[in-house]
Amino acid sequence: MKTPICDFVRSYAASEALRLHMPGHKGQPLLGPEALDITEIPGADVLYRARGVIRESEENASRLFGSARTLYSTEGSSLCIRAMLQLAQLYARLRGEKPRIAAGRNAHRVFLEAAALLDLEIRWLGEGQELLSCPLTAEAVAALFAAGEDAPNAVYVTSPDYLGGCAELAAIGEICHQNGALLLVDNAHGAYLKFLSPSRHPLDLGADLCCDSAHKTLPALTGGAYLHLSQSCPRELLSMGEQALSLFASTSPSYLILQSLDLVNALLTGDYPARIADTAARLDALKTQLRAEGWRLTGTEPLKLTLCPKSRGYTGEELGELLQQAGIVCEFADPDYLVLMFTPACGADAFPRLLDALQAVPSRAPLLQAAPPLPPPAQVLTPREALLSPFETVPTEEALGRILASPSVGCPPAVPILICGERIGPEALRLFRYYGIETVDVVIE
């Protein structure tokens with residue numbers, strides 16, 4: 001497969017042209033890759049108005065993923081999520097309807113912020129479930145439409161979720177389409193799912209719009225992502241994808257990231273899918289052995305290992321520190337979980353190395369404390385009203401009774417404990433303490 005972006009940039013770098021254009025380093029080395037770091041000069045095409053080498057590369061990606069249109073992002077899936085919501089609201093308006101979207105409560109904070117900025121009406125699903133995992137069933141989605149009144153124009157699902165849980169996308173997609181609604185999937189953690197046999201990618205399970213972070217599970221540079229518009233996506237939206245991205249995007253895209261996305265296309269036409277399958281098989285064997293040795297696991301995602309170490313007497317943070325002492329750095333750890341992500345780049349030695357480190361951790365008495373439950377909080381303001389209100393930052397212990405102005409979580413995992421506009425009650429305070437959140441932004445009333 002051709003790599004048109006890389007070919008153009010390499011040719012330009014070899015030309016030794018006098019660079020009287022941005023960036024300011026003029027191709028001279030400081031970090032190392034400056035010669036390949038260009039801007040949208042003639043011949044380099046224009047991201048989000050792509051008609052040349054970028055468009056050719058995106059069409060290569062589209063063929064690989066089987067989409068009607070695949071567009072690049074150099075600002076991660078965060079940008080793609082914003083664009084998906086813009087397309088969802090355009091779809092509603094084309095139908096003469098008010099934009100309404102139903103979403104699992106474990107959606108990334110970018111979803112909440114984008115929905116607020118676009119003034120979408122949100123119907124939360126899975127309230128009262130665990131913070132990071134919100135398994136949505138087809139029955140729950142069907143009940144949403146059966147209620148009839150104010151049915152959503154789109155359903156938004158995070159799958160795989162941060163802990164490796166995967167939703168019933170095929171059944172959910174069928175229900176959405178029967179009711180004239182779009183299925184939007186945050187597949188940031190699952191770009192590689194397309195290249196398993198059979199495919200487990202949302203595009204093949206009924207998603208109309210889908211985002212993938214190529215940098216999370218494929219070997220692209222950080223920030224490389226895809227916005228996929230599927231074969232089932234309404235035709236009128238296909239020409240609106242670039243505008244939806246550009247509405248939120250920087251006008252200075254990274255050509256280093258674009259080149260990495262371009263090269264990933266070529267990689268995926270070679271033996272890389274076989275290497276993904278081999279890595280998944282090795283991890284599955286490791287999971288089987290860990291379960292046999294008494295470790296408790298969660299999630300079904302093939303390249304993610306999520307441990308529940310309290311059953312062995314450790315919090316996720318404690319186990320993460322022990323692994324780091326052994327030279328192993330995890331993706332994420334909190335009081336309940338430890339998340340580790342694998343790709344073919346880890347190499348075969350990663351599996352025995354991790355197993356040796358875990359076998360060296362002595363088992364202790366189980367820890368019984370669990371995350372406090374959070375009943376659905378009172379919604380006082382809409383997310384838009386709260387997010388755009390003047391706010392102040394206060395110690396968590398002084399926030400009782402106040403209205404949350406913005407999500408009080410970092411990334412990872414970037415899943416809000418409370419939604420903007422909800423009143424902070426005693427249950428929320430207990431959950432803030434549990435996750436170590438010391439300050440929150442609250443609306444100035």
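Okay, let's start with a definition: on a 1 Å grid over the protein atoms alone, a cavity is a set of points where a 1.4 Å probe fits but cannot get out, and a lining residue has an atom within 4 Å of a point. Bear in mind that this is a predicted model, where local features need pLDDT of at least 70 and side-chain atom pairs count only at pLDDT 80 or more, while totals for chains, interfaces and linings use all residues. Residues are numbered from 1 along each chain as its sequence is written, and side-chain values use heavy atoms, with hydrogens and water left out.

Helices (H or I, at least four residues) and strands (E, at least two) are DSSP runs, by the way, numbered from the N terminus.

Now the largest pocket, a pocket being an open set of points with protein on both sides within 12 Å along at least five of seven lines. There's about 350 Å³ of space in there. Of the 23 lining residues, H108, Y162, A188, H189 and K216 are the closest to the centre. Helix α3 (76–94) turns up here too, next to α7 (214–217), as an element giving two or more residues to the lining. Again α3 gives the most, with four residues.

On to the sheet. Seven strands make an open, mixed sheet in the order β1-β7-β6-β5-β4-β2-β3, and two strands count as paired if DSSP finds at least two bridges between them. At the edges sit β1 (69–73) and β3 (121–125), each pairing on one side only. β6 (residues 209–213) and β7 (residues 225–229) run antiparallel, joined by five bridges; L209 has L229 as its bridge partner in β7.

Last stop, T315, in the loop between β9 (304–307) and α12 (316–325). Why does T315 count as buried? Because its relative accessibility is 17%, and buried means under 20% relative accessible area, with exposed over 50% and partly exposed in between (1.4 Å probe, protein chains only). Beyond its neighbours within four places in sequence, T315 is in contact (heavy atoms within 4.5 Å) with P309, D334, P335 and L367.

Key:
Points joined across faces, edges and corners; volume = space filled by probe spheres on them.
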